[in-house]
Amino acid sequence: MTSITRRTLMQGGTAAVAAGALTGPALLDWAKVWAQNAPWKPEKGAKLAMLRWKYFVQSEDDAFVKLIDAFSKATGVPVQISRESYEDVQPKASVAANTGTGPDLFWGLYSLPHLFPQKCMDTTDVADYLGKKYGGWVDSAVKYGKSGNRWICVPICYSGALMNYRIEASKKAGFSKFPDKLDAFLEYTKAMKAQGTPGGFALGHASGDANSWVHWCLWSHGGETVDAKDKVIINSPETAKALEYAKALYGNMIQGTPAWNDASNNKAFLAGDIYWTNNGISIYVAAQNSAKQIAADMDHAYFPVGVSGKPTELHLMYPVLAMTYTKYPQACKALMAFMLEADNFNPWIQSAKGYLTHCLNAYDNNPVWTADPKTTPFRDVAKRTRTAGGLGSVGEKAATAISDFIVVDMFANYCTGREDVKGAISVAERALKRIYR
Amino acid sequence: MADIALKSSVKAPARDITAWDRLKVDRNWLGLWFMLPAAAFLILFLAYPLGLGVWLSFTDARLGRGGEFVGFENYDFLSDDATFWLTVFNTLLYTTVASAIKFAVGLYLALLLNERLPFKAIIRAVVLIPFIVPTVLSAIAFWWLFDPQFSIISWSLVNLGLIDHYINFLGDAWNARWSVIFANIWRGVPFVAITLLAGLQTVSPSLYEAATIDGATNWQRFRYITYPLLTPIIAVVMTFSVLFTFTDFQLIWVMTRGGPVNATHLMATYSYQRAIMSGYLGEGSAIATAMIPFLLLAILVSWFGLQRRKWQQGESND
């Protein structure tokens, strides 16, 4: 075992990344050395409370708890972790921001810090330190992390939502490879429905799955909610084309999708009711535990590429932010940096089994991406994703548009026939104009 | 001797009655102090939030920061908002249909329970269960019962051969509306039934006897004796029932979150979504404040419409 000295620690970076797992006493020793040398020394008597999203993969949470333990033992800062369903993190954080009390740290969805940027602690120093040490941040992470010129959060990881599909059924429908173009994908859904193995995308207020596919559908047809100057441009022929395409897809889905939340497609896929959907890797992980024949028969694929020839996907990012009302800002920064250090981040990503993707380039080499080929597509989601708001600013307005389900409702209105194309677009346009005024 | 006796029989001079003395026994003064704890409670937890909510509806407050006074801007925006009017429609539909059916079923149940029955006490306790079970739990159960893919109702009907595909309960707009109305009725009937039952038991049997002697039929007894004497109770119970149904949040939020496509969004759930989830406190408060006229109307209808008999106001019978 290499002895842990300041020299080996400073030689970190890409070398240590590939080395991977430190556990148990080794982790603790390393953590103690890290704590001594970290640029942020926790305040005396510091105590932290963090609210994070409830795990989707149990092993990820276990590894996280170990990580926090090591931090606490090394720095003497107890950290209390509470977990909420990830769509409930935002309301709780909003209330805490409004009232000025609550957990010191929040780990939630991408848009969270941008809902109250003035209440988020400046984390530019932490972000710069990590970016320099680990090969730089991916573009979308920089966009998400900054508000103006300062970083208001630290992007920790992305959760990719890609196509999940059943291999045998797809082969029988005539597709040995998952379609990678829009027309081919529509044919695929038609064929799958014809042979009695349909799929489905969520059209209800599913913050993750619904937003993920409707934005892909809108963007892949060239439609945009706003332009680079935040002017609302959703009323366009491209948007109309996207709506028509979605309606055609809807005709090939099973019933009930307008009532789906984020868990519904997981349940349906694992029950064998649907044969294609969009989701993170959680279906695959659950199948490996409880439905092994589905796990063996399923695979993942990128979303079909649209008119621009480039990927137009939207993947969830989970940043950690600290509130300005915290009594222990140095301790918060120390914890944020600790989470992303290689000796912590690598084993943690591995235990997430592909559910979480890194956004610092040095972590491309983590073995979790190659150990199981079905996991590999998730490695690049941080690089493939566009940011919330598309061309427009990543900020409060984009965050509100997403949490208001404006684009989701536009697609749902048209697909279910509640509105015609003009009506659906004008409802969305009106709501967007109010947000982006 | 006589001197001593005289001295001891002389009373002490009466002292003046001060204002404080008068105040100490003044009923209004004492009443005020006794009322103060309850008033403080009500003001702090009812009046203040209500006032704050109405004030917020005139500002552009966002969650996470305060706002400035903007006048009627929020209401202006809502008056053109298709989703808002949809929630008004949904709320009115939900309240009217659910309350009407709850009243009918509750009254019928009360009349039945008023008869001689074996195990009456147990039956009454069982009837009360849907109301006692925490709403969230029964809502989750209904959510599973009405799931488009996993409904036990659909499964049973398919296995009995009555239908050939699962019913799209919560994925279709109108089906979802009827599903949540059904869940609300299931939950609310016991409240109406038990309260009306209590009212029924105050009706003097001698009235029924007199009517029977005069040859009244069952329907006539109900129409001319039971119903008029019940109207004050009905006014109270239906006011509460309409108020609670109109402002229902838990059932909708757990079952459908307002979906599909906002078809089951009530004003309360829409207000929450706008205020807390999207952070538009001003607009959310405006939606919530918009409920007040409807609620006032319901109270006025029950107050003036159902309390018109003189004897209900405390005067003698007409």
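Predicted model: local features only at pLDDT ≥ 70, side-chain atom pairs only at ≥ 80, totals over all residues.
Residues are numbered from 1 along each chain as its sequence is written, while chains are lettered from A and ligands numbered from 1 in the order in which they are written.

Confidence, then: the predictor gives the complex an ipTM of 0.79 and a pTM of 0.84. Chain B averages a pLDDT of 88, pLDDT being the predictor's confidence in each residue, from 0 to 100.

Now the helices, which like strands are DSSP runs numbered from the N terminus (helices H or I, at least four residues; strands E, at least two). In chain B, α13 (residues 267-277) and α14 (residues 281-289) pack at about 170°, their axes 7 Å apart. Axes are lines fitted to C-alpha atoms, for helices over the stretch in contact, and angles run from 0 to 180 degrees between N-to-C directions. So α13(B) is roughly antiparallel to α14(B), a label for angles over 145 degrees.

Over to chain A, please. Five strands there form an open sheet, ordered β2-β1-β3-β11-β6, with mixed pairing; strands pair if DSSP finds at least two bridges between them. β2 (79-84) and β6 (154-159) of chain A are at the edges with a single partner strand each, so one side of each has no neighbour in the sheet. The twist averages 15° from one strand to the next. Inside the sheet, three bridges join the antiparallel strands β3 (residues 105-107) and β11 (residues 316-322) of chain A, and F106(A) sits opposite L321(A) in β11(A). Thanks, all!

Notes:
Parallel < 35°, antiparallel > 145°, perpendicular 65-115°, else oblique.
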